Amino acid sequence: MNIIDLHCDVLEKLTRLENVNFRSDARLDASLEKLKAGNVKVQVFAIFVHSELPDNEKFLAAIRQIEAFHTKVLCEPEMIHITEWEQIKQLEDGQIGAILSLEGCDCIGEDLQKLEHILNAGVKLVGLTWNHENGVAFGASEDSSKGLKPFAKKVVQLLNERDIIIDVSHLNEQGFFELLPLGNKLIASHSNAKAICDHPRNLSDVQIKELVKHGGRMHVVFYPPFIENGKETTSMAYLVKHVEHIASLVGIQNIGFGSDFDGMDHTVEKLADAGEYQNFIKALLKTFTFEEVSLMAHRGFSKFVNRI
Ligand SMILES: [Zn+2]
């Protein structure tokens, strides 16, 4: 079954590891060979800039990852850069769609022009924060009662004008609720249900319902600490619990996947990399019908972007 995955951190690894190749490097969880083995048809590649980096080096780090996207990912003939959503439908057998996202606006400081440069590279999803405070808002590891900063209005306005999906996955709670009425297109690209695993990176039932009420979607993440409380590894069955819970809240049509491959130090059993994606599909098919699983795997997101 074809997969659309909304989050991986392979670009960060492609800029950090020596002599790395995207096609087959064993150090990558979402290499081209593994994406193919797992039937991943569309993969979102996040630009992720480490928060410890000095502020004046962050923008360049983001540009370097965009450069790696071109020189190491798109140079492979199978990889097709998705800059318009209708291109997803046009992908041929053997081709994999590649989408850029920005995981947090830390690298733009308070400079809207920097965000424009990044969007001009073909970025289609933007998160306002990673886990920490930046010029726009506060991340999930910060005080949950702090709202969006004044600069957020300009950022969200630009993202709306450019039809960019705003990713709420790393945002803190107050920022999330303030963003809901402002953002036109919203998705949690890689978050799970707080009711099943109480972690600041997960969303409460109220948040999940409100997100969908505002036209958004929930894409579940495969990182064990966001699946089972305090666990470094966990089972596929536990991950399926999140899917069942979210489905009971907002319906299967609003659920998708955002693995976080290449951004995790621990993985779910039998789901260690993108090559094992079909094991997750098999696990879901024990609970859900083929139609339901294909809705989660790719059809739901395709319908969502068709409306954009
Ligand atoms: Zn993340």
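A residue counts as buried under 20% relative accessible area, as exposed over 50%, and as partly exposed in between. Asp163 has a relative accessible area of 34%, so Asp163 is partly exposed. Keep that scale in mind; the model is a predicted one.

Start with the whole chain. The protein chain holds ten helices and nine strands. For 308 residues, a compact globule would have a radius of gyration near 19 Å; the chain has 18 Å, so the two agree. The C-alpha trace spans about 45 × 45 × 35 Å along its principal axes. Of the 308 residues, 59% count as buried. Take the contacts between residues at least 6 apart in sequence: 67% of them join residues at least 24 apart. The exposed surface comes to about 12,300 Å². Carbon and sulfur atoms supply 47% of that area.

Now go inside. In soluble globular proteins, nonpolar side chains tend to be buried together. Here the largest nonpolar core has 94 residues. Phe45, Phe222, Phe257 and Phe280 have the most contacts inside this core. Take Phe222 and set aside residues up to four places away in sequence. Phe222 then touches Ile227, Leu239, Phe257, Gly258, Ser259, Phe261, Met264, Val268, Leu271, Tyr277 and Phe280. Another core, of 15 residues, lies apart from the largest one. Its members include Leu6, Val42, Leu91 and Val305.

Next, look at strand E8, residues 217–220. E8 has strand E7, residues 186–188, as a parallel partner, joined by two bridges. Across that pairing, Ile187 stands opposite Arg217. Strand E9, residues 255–257, also runs parallel to E8, and three bridges join them. His219 has Gly256 in E9 as its bridge partner.

How does the chain get from E8 to E9? It crosses through helix H8, residues 236–250, in a right-handed β-α-β crossover. E7 and E8 belong to a right-handed β-α-β unit as well, with helix H7, residues 205–213, as its helix.

Just after H5 comes Asp163, in the loop between H5 and E6. Most residues other than glycine have a negative phi. Asp163 is not a glycine, yet its phi is positive, near 60°.

Lys270 is another residue of this kind: its phi is about 65°, and it is not a glycine. Where does Lys270 lie? It sits in the loop between E9 and helix H9 (277–285). Is Lys270 buried or exposed? Its relative accessible area is 62%, which is over the 50% cut-off, so Lys270 is exposed. Asp163, at 34%, is partly exposed.

Technical notes:
Residues numbered from 1 in each chain as written. Predicted model: local features only at pLDDT ≥ 70, side-chain atom pairs only at ≥ 80, totals over all residues. Heavy atoms only, no water. Pairing = 2+ DSSP bridges. Helix = DSSP H or I, 4+ residues; strand = E, 2+ residues; numbered from the N terminus. Right-handed = clockwise from strand over helix to strand, strands pointing away. Core = buried A, V, L, I, M, F, W, Y, C linked by side-chain atoms within 4.5 Å. Buried < 20%, exposed > 50% of the residue type's maximum accessible area, 1.4 Å probe, protein only. Contact = heavy atoms within 4.5 Å. Rg over C-alpha atoms; globule rule 2.2 N^0.38 Å. Areas by Shrake-Rupley, 256 points an atom, 1.4 Å probe, with all protein chains shown as cover.
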